[in-house]
Protein chains: 2
Amino acid sequence: MASTDRRISESTIHRLSIYYRALNQLEKENYETISSKELAKREKLTPAQVRKDLSFFGSFGTRGLGYPVTELRNKIAEILGINRTWNVALIGVGNIGSALVSYKEFQKQGFKIKKLFDNDQRKIGSNHKGIIVSDIKNIFEELTNSDIEIVIIAVPTATAQILVDDVVRSGIKAILNFAPVNLKVPDDVDVRNENMAMELEYLSFSLCYAKGRS
Amino acid sequence: MASTDRRISESTIHRLSIYYRALNQLEKENYETISSKELAKREKLTPAQVRKDLSFFGSFGTRGLGYPVTELRNKIAEILGINRTWNVALIGVGNIGSALVSYKEFQKQGFKIKKLFDNDQRKIGSNHKGIIVSDIKNIFEELTNSDIEIVIIAVPTATAQILVDDVVRSGIKAILNFAPVNLKVPDDVDVRNENMAMELEYLSFSLCYAKGRS
């Protein structure tokens, strides 16, 4: 985690992403305002939680009228930093990496994959969805003083740390890691780990509790 | 969310998945015991948080000695339900779906993809990594009274709800959803949403706060 002073907790930020999507949907459904109660119900949260989360950002809601949908959506986009585009590099154009290049949610939220890296000679130099794949040997050179702000790691566990060291040396401060390994980075670099199996573990936990221990 | 009585919060379950991975790593490093302080440091949590999380499962730690690594790892596996295998069906063999079929973390944690569904005539009937792809028209028939316990949805937003209705009718109680849409399911069905852009939004939030609003 970065050493920056964070008044907003990790789970609040996660819920802001959820509210953002709900408000987008509400706008499509022509809602002009939404109460904390309705928003909570849609997202299976408590109205108190919604009010608490949104209270961080000043007084939005009008008692009896609720929150203005578009204004709140735009405010959350600003807080999350998705009212602009971010330049992203992706390291590892394998199964997961290839899927991420085509992942529409990234584009929709303003995350533009602009550089690709791989170690496979058959991929290096080839055009992948309009981007020429670079050699992972050149990560440091290509990222230093570049316009890339966020790096996604989608390589096997064994090579992830070495590549991340290059990424960190190049000055990148934000990394999304798909390798199932705890990456070591300096305190001023933020790493988020994406492990799709963890969500399945939540489901298996629920199934065990719902059905009784099996 | 399921209507089951959950004494353990969502974020605790998530941390259990993290502890499980840390303990696996510690076992590889030949640790026999680990203190809450060391475990907390590795995962960038507080020792108090670690002790609180693990206290749910009875008294494990011995003051001065710490937690027994293997025993605690096994206990957490049991709680998460990953001390056994789970049969999984995957709907949508596109970019994301294909990557998930090859995703090693699923297999490692005991989640076995045993059925695949797609609506593409070129894919239906073909052998994908040893599994014959079925027609999505047959979801209800193929899942009813089958050994499938968890379903993963990796189809575009527009078709996700219709397919989920078939999944729910077939009696499935646990769904992992990659479509960026809020699926409507009965209270006794658990849906977890996986949206990879949300982790990037956490990073963009951090970058904004670290660098000042840009």
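Tutor: A residue is buried if 20 or more other C-beta atoms lie within 10 Å of its own, exposed if 12 or fewer do, and partly exposed in between, with the C-beta atoms placed from the backbone. What you have here is a predicted model, where local features need pLDDT of at least 70 and side-chain atom pairs count only at pLDDT 80 or more, while totals for chains, interfaces and linings use all residues. Residues are numbered from 1 along each chain as its sequence is written, and chains are lettered from A and ligands numbered from 1 in the order in which they are written.

Student: Okay, let me try that out. Is Asn30(B) buried or exposed?

Tutor: Asn30(B) is in the loop between helix H1 (10–28) and strand S1 (33–34) of chain B; helices (H or I, at least four residues) and strands (E, at least two) are DSSP runs, numbered from the N terminus. Its phi is positive, about 65 degrees, although Asn30(B) is not a glycine. Now count: 7 other C-beta atoms are within 10 Å, so Asn30(B) is exposed.

Student: And how many other C-beta atoms lie within 10 Å of Asn145(B)?

Tutor: Asn145(B) also has a positive phi without being a glycine, near 55 degrees. You'll find Asn145(B) in the loop between helix H7 (139–143) and S7 of chain B. Asn145(B) is exposed because the number of other C-beta atoms within 10 Å is 9.

Student: What stands opposite Ala89(B) in S7(B)?

Tutor: S3(B) is mostly covered, with five of its six residues buried. S3(B) pairs with S4(B) (111–118) in the parallel sense over six bridges, and there Asn87(B) stands opposite Lys112(B). S3(B) is also joined to S7(B), again parallel, by four bridges. In that pairing, the residue opposite Ala89(B) is Val151(B).

Student: So what is the bridge partner of Val151(B) in S8(B)?

Tutor: Strands S7 (150–153) and S8 (174–177) of chain B run parallel and are joined by three bridges. Within S8(B), the partner of Val151(B) is Ile175(B).

Student: Switching to chain A: is Ala154(A) buried or exposed?

Tutor: Ala154(A) is in the loop between S7 and H8 of chain A. Residues are in contact if their C-beta atoms, placed from the backbone, lie within 7 Å, and Ala154(A) touches Ile91(A), Leu100(A) and Phe178(A), among others. It has 25 C-beta neighbours inside 10 Å, so Ala154(A) counts as buried.

Student: How many residues are in the largest nonpolar core?

Tutor: A nonpolar core is a set of buried Ala, Val, Leu, Ile, Met, Phe, Trp, Tyr and Cys residues joined through C-beta atoms within 7 Å. Ile91(A) is one of the residues with the most contacts inside the largest core; residues that Ile91(A) touches include Phe117(A), Val151(A) and Leu163(A). The number of residues in that core is 127.

Student: Which element gives the largest share of the side of chain A that touches chain B?

Tutor: 50 residues of chain A are in contact with 50 residues of chain B. Helices H1 (10–28) and H4 (69–80) of chain A are among the elements that supply at least two residues each. The largest share, 15 residues, comes from H9(A).

Student: Last one: by what turn can chain A be laid on chain B?

Tutor: Copies are superposed by least squares on the C-alpha atoms of residues with pLDDT of at least 70 in both. Chain A lands on chain B with an RMSD of 0.0 Å and a shift of 0.0 Å along the axis, by a turn of 180 degrees. The two copies are thus related as by a two-fold rotation axis. And 100% of the interface residues of chain A are also interface residues in chain B, so the copies meet through the same surface; the turn you asked for is 180 degrees.

Notes:
Two strands pair if DSSP finds at least two bridges between them. Two residues are in contact if their C-beta atoms, placed from the backbone, lie within 7 Å. Lists of a residue's contacts leave out its neighbours within four places in sequence.
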